[in-house]
Amino acid sequence: MRAARGAVRQHVAMPREPLGPLLRARAFRVAEALEQGVGAGRLRGADLAKPHHGVRIAGDMPPTAAHAYAPLLRPGERFSGSTALELW
């Protein structure tokens, strides 16, 4: 059935698919989430913070600069000094 001309359409927001517990608990790479079956549209959700290109943080997790950058560290790289102390 077609809406009458001039009728206002109501947008009904669909509930977001919840993230798995491993992704809700920390910052994560988009590639990691895609490998776990999370859809690209879900990763664009307004409830996810986007601190860096390719990184997402669940909205209920308060991001710190170090936590937000941690997924971008390459194998063998570590934080040091006061940053490492903050994370410990």
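Where is Gln36 found? Gln36 sits in the loop between α2 (30-35) and α3 (40-43). Helices here are DSSP runs of H or I with at least four residues, strands are runs of E with at least two, and both are numbered from the N terminus.

Before going on, a word on what you're looking at. This is a predicted model, where local features need pLDDT of at least 70 and side-chain atom pairs count only at pLDDT 80 or more, while totals for chains, interfaces and linings use all residues. Residues are numbered from 1 along each chain as its sequence is written, and side-chain values use heavy atoms, with hydrogens and water left out.

Gln36 has 44% relative accessibility, so it counts as partly exposed. The cut-offs are simple: buried is under 20% relative accessible area, exposed is over 50%, and partly exposed lies in between (1.4 Å probe, protein chains only). Gln36 and Leu19 are 17 residues apart in sequence, and their C-alpha atoms are 9.9 Å apart in space.

**The strands**

Now have a look at β3 (residues 55-58). Two strands count as paired if DSSP finds at least two bridges between them. Strand β1 (residues 28-29) pairs with β3 in the antiparallel sense over two bridges, and Arg29 has Val55 as its bridge partner in β3. Strand β2 (residues 48-49) also runs antiparallel to β3, again joined by two bridges; here Ala49 has Ile57 as its partner. β2 and β3 make a hairpin with five residues between them, and Gly54 in the turn has a positive phi of about 80°.

In a regular strand the side chains alternate between the two faces of the sheet. In β3 both faces are covered: Val55 and Ile57 are buried on one side, and Arg56 and Ala58 are buried on the other.

**The salt bridges**

How many salt bridges does a search of the whole structure find? The search turns up three. A salt bridge means a side-chain nitrogen of Lys or Arg within 4 Å of a carboxyl oxygen of Asp or Glu. Here they are:

| Pair | N to O distance |
|---|---|
| Glu32 and Arg26 | 2.4 Å |
| Asp47 and Arg42 | 2.8 Å |
| Arg74 and Glu77 | 2.9 Å |

How open are these residues? Glu32 is partly exposed at 21% relative accessible area, and Arg26 is partly exposed at 32%. In the next pair, Asp47 is partly exposed at 34%, whereas Arg42 is buried at 12%. As for the remaining pair, Arg74 is exposed at 57%, while Glu77 is partly exposed at 28%.
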